[in-house]
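Keep the viewer open and follow the residue numbers as we go.

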Amino acid sequence: MDRTSIGRDTTLCMSLAARPGTFGSRFHNHLYERLGLDYVYKAFTTTDLSAAIGGIRALGIRGCAISMPFKEAVIPLLDGLAPSAQAIDSVNTIVNEGGRLTGHNTDYSAVRSLLEQSGIDPATPFLLRGSGGMAKAVAAALHDGGFRQGTIVARNGRSGPALAEAYDYGWAEDLGSLTAPVLINVTPLGMAGGGEGQLAFPEAMIAAAQAVFDVVALPVETPFLRAARSRGKATISGAEVAVLQALEQFVLYTGIRPEPAAVEAAAVLARVG
């Protein structure tokens, strides 16, 4: 079905990130067009978060995806939090209902689903590198999925210990001599335009691991994932997280859940960019 032409009644959705990508725009806009919805999606960055959030409210923008480094900083600017965001003090989605902005977190549900699908035994110890907003979502999903033996590795002496304490995990400032069967990267290491080309964990640790999880979605195959796959390790990719969390955002914005074939087509198109 063709989407109607963009006009004054077109509903705008958007994203805010330090380094805007094309995935969300391609994913959402493909589904809008395929389903004949009078919506359009555009990626933005900002150096004035407060003004940007005020613009969402003032201009009637329906929804906004939130990426690093705004997932925690945006909270005081909102009118309320859904349980998914309130539980972990991190927002990756804003929904505008008549000028009232509510923060949600679809990262959590995406990660929880992928962990369940992976078949990784929750009794398996893990190392999680990072302590920002996305790390909160991943740690919460691990904890709620029954993973009890974990260590948060983060240089930040405030957020690292706080995240570890929240879920009764260990904390270390750096990797040192640590090792674990499951390695999880929730930092920009390996990300296009940031830590591109960098391994999130040393090759020796990857070789000794059973499974790896990299939340970086661009590039689709990070150096960390490539090193793990070349050694036959089980992997979960940031691209998989991106699809599931974007789908839940789409549902929040439109009230429509597309058929799996439509979601897959949107994901394939989005990854091209």
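How many bridges join strand E3 to E5? There are 3, and the two strands run antiparallel. Before going further, please note that this is a predicted model.

**The mixed sheet**

Strand E3 covers residues 63-66, and its Gly-63 stands opposite Val-95 in E5. Strand E5 itself spans residues 93-97; 4 of its 5 residues are buried, so E5 is largely enclosed by the rest of the structure. E5 also pairs with strand E6 (residues 100-104), again in the antiparallel sense, over 5 bridges. Val-95 has a bridge partner there too, namely Thr-102 in E6. The hairpin of E5 and E6 has 2 residues between the strands, and in this hairpin Gly-98 takes a positive phi near 60°.

Is Thr-102 buried or exposed? Its relative accessibility is 18%, and since buried means under 20%, Thr-102 counts as buried. Leaving aside neighbours within four places in sequence, Thr-102 is in contact with Gly-80, Leu-81, Ala-82, Thr-93, Ile-94 and Val-95.

Zooming out, these strands belong to an open sheet of 6 strands with mixed pairing, in the order E2-E1-E3-E5-E6-E4. Its edge strands are E2 (39-44) and E4 (80-81), each of which pairs on one side only. At the E2 end, strand E1 (residues 11-16) and E2 pair in the parallel sense over 6 bridges, with Met-14 standing opposite Lys-42 in E2. Helix H9 packs on this sheet, where it touches E1, E2, E3, E5 and E6. The direction of H9 makes about 5° with that of E5.

**Two helices that cross**

The crossing is right-handed. On the H9 side, Ala-239, Val-243 and Leu-247 meet Val-263, Ala-267 and Arg-271 of H10. The residues of this contact divide into 5 nonpolar, no polar and 1 charged.

**The parallel sheet**

What is the strand order in the open sheet with parallel pairing? Its 6 strands run E9-E8-E7-E10-E11-E12. Strands E9 (170-172) and E12 (234-237) stand at the edges with a single partner strand each, so one side of each is left without a neighbour in the sheet. From one strand to the next, the twist averages 15°. Within this sheet, E10 (residues 182-185) and E11 (residues 211-214) pair in the parallel sense over 4 bridges; Val-182 has Ala-211 as its bridge partner in E11.

Helices lie across these strands as well. H5 (residues 133-144) lies across E7 (126-129), E10 and E11, and runs at about 160° to E7. H6 (residues 159-166) lies across E8 (150-153) and E9, and runs at about 165° to E9.

**Backbone details worth a look**

| Site | Feature | Angle |
|---|---|---|
| Met-68 to Pro-69 | cis peptide bond | omega near 5° |
| Leu-218 to Pro-219 | cis peptide bond | omega about 5° |
| Asp-89 | positive phi, not a glycine | phi about 50° |
| Asp-168 | positive phi, not a glycine | phi about 60° |

Where do these residues sit? Pro-69 is found in the loop between E3 and E4, while Pro-219 is in the loop between E11 and helix H8 (223-230). Asp-89 lies in the loop between helix H3 (83-86) and E5, and at 42% relative accessibility it counts as partly exposed. Asp-168 has its place in the loop between H6 and E9, and with a relative accessible area of 66% Asp-168 is exposed.

Notes
Residues numbered from 1 in each chain as written. Predicted model: local features only at pLDDT ≥ 70, side-chain atom pairs only at ≥ 80, totals over all residues. Heavy atoms only, no water. Buried < 20%, exposed > 50% of the residue type's maximum accessible area, 1.4 Å probe, protein only. Pairing = 2+ DSSP bridges. Contact = heavy atoms within 4.5 Å. Axes fitted to C-alpha atoms, helices over the stretch in contact; angles between N-to-C directions. Left-handed = near helix turned anticlockwise from the far one by under 90°. Nonpolar A, V, L, I, M, F, W, Y, C, P; charged D, E, K, R; others polar.
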